[in-house]
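Subject: Structure handover

Hi there,

Here is the structure I promised to pass on.

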Amino acid sequence: LGNALKGLDRHAEAVAAYRRAVAIAADYASAHNNLGNVLSSMGDATAAVEAYRQAVAAEPRHAEAWANLGHELRTLGDFPGACDSLRRASELEPGVPSFQAGYAAALAAAGDMAGAIAAVDRGLGQAPGHSTLLAAKMQLLSVAGRAAEATALADLARTLFRIKVKPPEAFADIADFNSALAQHVRDHPGLAEGDPGERRVANLLGIEENGGASSPVIALRDLL
């Protein structure tokens, strides 16, 4: 019931439902955690922290509750507590990038830039190329005065490499497949002159319609 009410944004009623659930089963960690989530969304950080503490007390290996507790403690300015909670979450589930990113953010807020960068690197060790972790590392390196390293991370060209693509079985080679693909795109009704699809695409691209063959969509069709 609490989950359904939360989904309907009926937060006060959801809180009441979760409180009834934990009153019946005090060791129901997920209910405590969900209660904390609703209280947090309502802006009651202090009550949310208490709910998350009850969750991890009931289930010490509840990584999500530890992470939520850490984020809420950081909001309240308790950086040591935030670091400890988010460290626990990241150790319990090292393969969850958001836990590593959260731990890194808490360490950075506490002034431990070296520890924050190391936490992000551990996350990247589990999920190489993860966009959130890469963005976090770029920001941390910049703040730490390591601008050249941050810039190097933003160089997407270094992630490009050649692969040999095999054509689908119905095609003789890649050239044959590319030709068929281009023809398929060319024949799409959205590329017909004057078609409403042309205008929709132009609007999405933020391009003023010039009409006729000069429009960007028609130019693409002609190129294909």
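Let me begin with Asp9, which sits in the loop between helix 1 (2–7) and helix 2 (11–24). Helices (H or I, at least four residues) and strands (E, at least two) are DSSP runs here, numbered from the N terminus. Asp9 has a phi near 65°, a positive value in a residue other than glycine. Asp9 is exposed, because its relative accessible area is 60% and exposed means over 50%, with buried under 20% and partly exposed in between (1.4 Å probe, protein chains only).

Before you go further, two notes on the source. This is a predicted model, in which local features need pLDDT of at least 70 and side-chain atom pairs count only at pLDDT 80 or more, while totals for chains, interfaces and linings use all residues. Residues are numbered from 1 along each chain as its sequence is written, and side-chain values use heavy atoms, with hydrogens and water left out.

The overall picture

The protein chain has 13 helices and zero strands, so the pattern along the sequence reads α-α-α-α-α-α-α-α-α-α-α-α-α. Of its 224 residues, 33% count as buried. Taking contacts (heavy atoms within 4.5 Å) with a separation of 6 or more, 36% of those in the protein chain come from residues 24 or more positions apart.

Two packed helices are described by the angle between their axes and the distance between the axes. Axes are lines fitted to C-alpha atoms, for helices over the stretch in contact, and angles run from 0 to 180 degrees between N-to-C directions.

Helix 5 (63–75) packs against helix 6 (residues 79–92) at an angle of about 160°, with the axes 7 Å apart. Helix 5 and helix 6 are therefore roughly antiparallel (over 145 degrees; under 35 is roughly parallel, 65 to 115 roughly perpendicular and the rest oblique). Their crossing is left-handed, meaning that the near helix is turned anticlockwise from the far one by less than a right angle; clockwise would be right-handed. Among the residues that meet are Trp66, Leu69 and Leu73 in helix 5, and Phe79, Leu86 and Leu92 in helix 6. The residues of this contact divide into ten nonpolar, four polar and two charged. In these classes, Ala, Val, Leu, Ile, Met, Phe, Trp, Tyr, Cys and Pro count as nonpolar, Asp, Glu, Lys and Arg as charged, and the others, Gly among them, as polar.

Helix 6 also pairs with helix 7 (residues 97–109): the axes come within 8 Å and cross at roughly 160°. Helix 6 and helix 7 are therefore roughly antiparallel too, and their crossing is left-handed. By class, the contact of helix 6 with helix 7 has ten nonpolar, three polar and one charged residues.

Two residues to look at

His62 is found in the loop between helix 4 (45–58) and helix 5. With a relative accessible area of 10%, His62 is buried. Not counting residues up to four places away in sequence, His62 touches Ala29, Ser30, Asn33, Val56 and Leu92. A polar atom of the His62 side chain lies 3.1 Å from the backbone nitrogen of Ala65.

Thr132 lies in helix 9 (residues 131–143) and counts as partly exposed, at 44% relative accessibility. Thr132 and Ser98 are 34 residues apart in sequence, and their C-alpha atoms are 7.8 Å apart in space.

Best wishes

How values were computed
Polar contact = N/O pair within 3.5 Å; in protein donor to acceptor, adjacent residues only side chain to side chain.
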